[in-house]
Amino acid sequence: MSAERPTLPPVRLHTEAELARDALAAPLLARAVRLARWAGPDTRVGAGGELVDAQLPAAAEHLGLTPDEDGAAEASEAWRLAVDTGLVEVEDPAAEALSPEEDGFGEDDEEFGADAEGTVTAGENLALLTGGSPSDVLAIWLDGLEAAHADATAPVFDDFADLVGEDGSVDFDALDWDPETEAEFLDGVLGNLYLLTVGDGADGAPVPLPALAASMIVPDDMGEPTDDILEQVSDAMMRLDDQFRVLEPIGIVEYRPVDEALLVEEGEETAPPADDEDVTRYGMVKLTPLGLYGIRARMLEAGVDAPAIGDLADKGADALLGGIAYYPEAAARSEIGLWLTKRGGDGAAAELLDAARGADPQAPLRRLHCQQALALVGAEAEPAVRAVLGDPELGGLARVWLAERGAADVPPPSEAMIFWLAVDTISAQLEADGDLDELQELVEGLSGQHSGFFEEAWRVDHPATADVLEAMGRLHSDKKQAKEARKAAFKARSRGGSDS
């Protein structure tokens, strides 16, 4: 029943139906769909599946784009996505053609030369976008995200001709481009943006681009950044500006680009900015609900532990209490609520109580969340709760729950049970890394309720007794009480050693 701390806080995702609607509305995928439906027997593509230049004006016009270079580029981008996501299938006759020796043509024949054109047919995925399930739509969209991510990390060619040698080969080394490094950098940025968004309640405010770039460049222990670091941050900002412009049309981010006035070449004159302190001029980015879903899917595929609210709804009570051990309180309540909705009240309380037992380090946290879950079960839990009143691990929890509900005929706890519950409660809060002020208040409140608390607490038969008393010694604001706690911790450890 032990639980590992998740790498990331749990995210609250929109439903698959809502996400699928967002995916279909993403500008780039929407254009790709329109082009896939527009394509026909007369549509011609090059050897790489791209639309031939002669087709681009008609494609741009169909999309309502301007028939200039920009419109053609956007149409070409949408077409590539249609190919990458299986909305169209490319048939390349040149690939299936016989060699010149086999078909009788001479070497000078150009019928299947570099300019040979293929045709296209509708892909299977095109029908899935309208007739499939939301999960089908999202699977196709994720393929689109993968393609957009690859485009965002592709090298920028200032002059491609300079890279082509006399023999026609391309000198990729001259690009100074490492695809793995580029992909890792962008994934790191998206991971940081995901963490900021989830930590802010999955509806976080836009993040300034300089802060996001700095999160990847500036060391955590650095005070004042050096000029070299600042230059690296500036370079990273410009790179991210290009990348977010590419990623926004697939629907994962809302992006306000860097103000063009800031991008003038050195020596050029520009109007002075209206507000030098306006951080939004340097770019602002925010993950969309679809972006949260997409980035989480990529992280899961990479082996990152990225939980989502609802992951545990179909699991047993042991998986529930272990899984939410380190969740924030609101997230834990949401997960419990979904679990109870799936489970129903019948038998849930008994299953939760059984899963709360144990002497491992996470057991106190399970009991804490069990009590939280029982509060959501309501009156139906009372028979199961009364059944464990005599249980040494659950009896104290049961009495607290019954007392909070104003139940009658609740037997008073023994002194040993009171102390055991105090140790268990503090142990749970310590394991959860709770708020220090609240923890200090809890420590001082519990020790203050009973005179001579530390004279008795070291005898408590709980696996965490010594650790709890040591923590109380660190946290208690009263020096005398803190010293008593440390002495009690020493006695508890000595007793534990002699017992073993």
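Which residue's charged end sits over the ring of phenylalanine 185? Arginine 239 does, 4.0 Å from the ring centre. The criterion: NZ of Lys or CZ of Arg within 6 Å of the ring centre and within 35 degrees of the ring normal.

## Basis

This is a predicted model, where local features need pLDDT of at least 70, side-chain atom pairs count only at pLDDT 80 or more, and totals for chains, interfaces and linings use all residues. Residues are numbered from 1 along each chain as its sequence is written, and side-chain values use heavy atoms, without hydrogens and water.

## Aromatic pairs

The whole structure holds 4 aromatic pairs. Rings of Phe, Tyr and Trp (its six-membered ring) pair if their centres lie within 6.5 Å; planes under 30 degrees apart are stacked, over 60 edge-to-face, the rest tilted.

One of the pairs joins phenylalanine 419 and phenylalanine 453. It is tilted, at 5.3 Å centre to centre and 35° between the planes. Phenylalanine 419 lies in helix α19 and phenylalanine 453 in helix α21 (residues 453–457), so the pair ties together parts 34 residues apart in sequence. Helices here are DSSP runs (H or I, at least four residues), numbered from the N terminus.

## The cluster

Phenylalanine 453 also pairs with phenylalanine 454. Their centres are 5.2 Å apart and their planes at 85°, so this pair is edge-to-face. Phe419, Phe453 and Phe454 form one aromatic cluster.

Phenylalanine 419 is buried (under 20% relative accessible area; exposed is over 50%, partly exposed in between; 1.4 Å probe, protein chains only). Phenylalanine 453 is buried at 5%. Phenylalanine 454 is buried, also at 5%.

## A loop residue

Aspartate 409 sits in the loop between α18 (395–404) and α19 (415–431). Its phi is positive, about 60°, although it is not a glycine. Aspartate 409 is exposed, at 72% relative accessibility.

Terms used:
Helix = DSSP H or I, 4+ residues; strand = E, 2+ residues; numbered from the N terminus.
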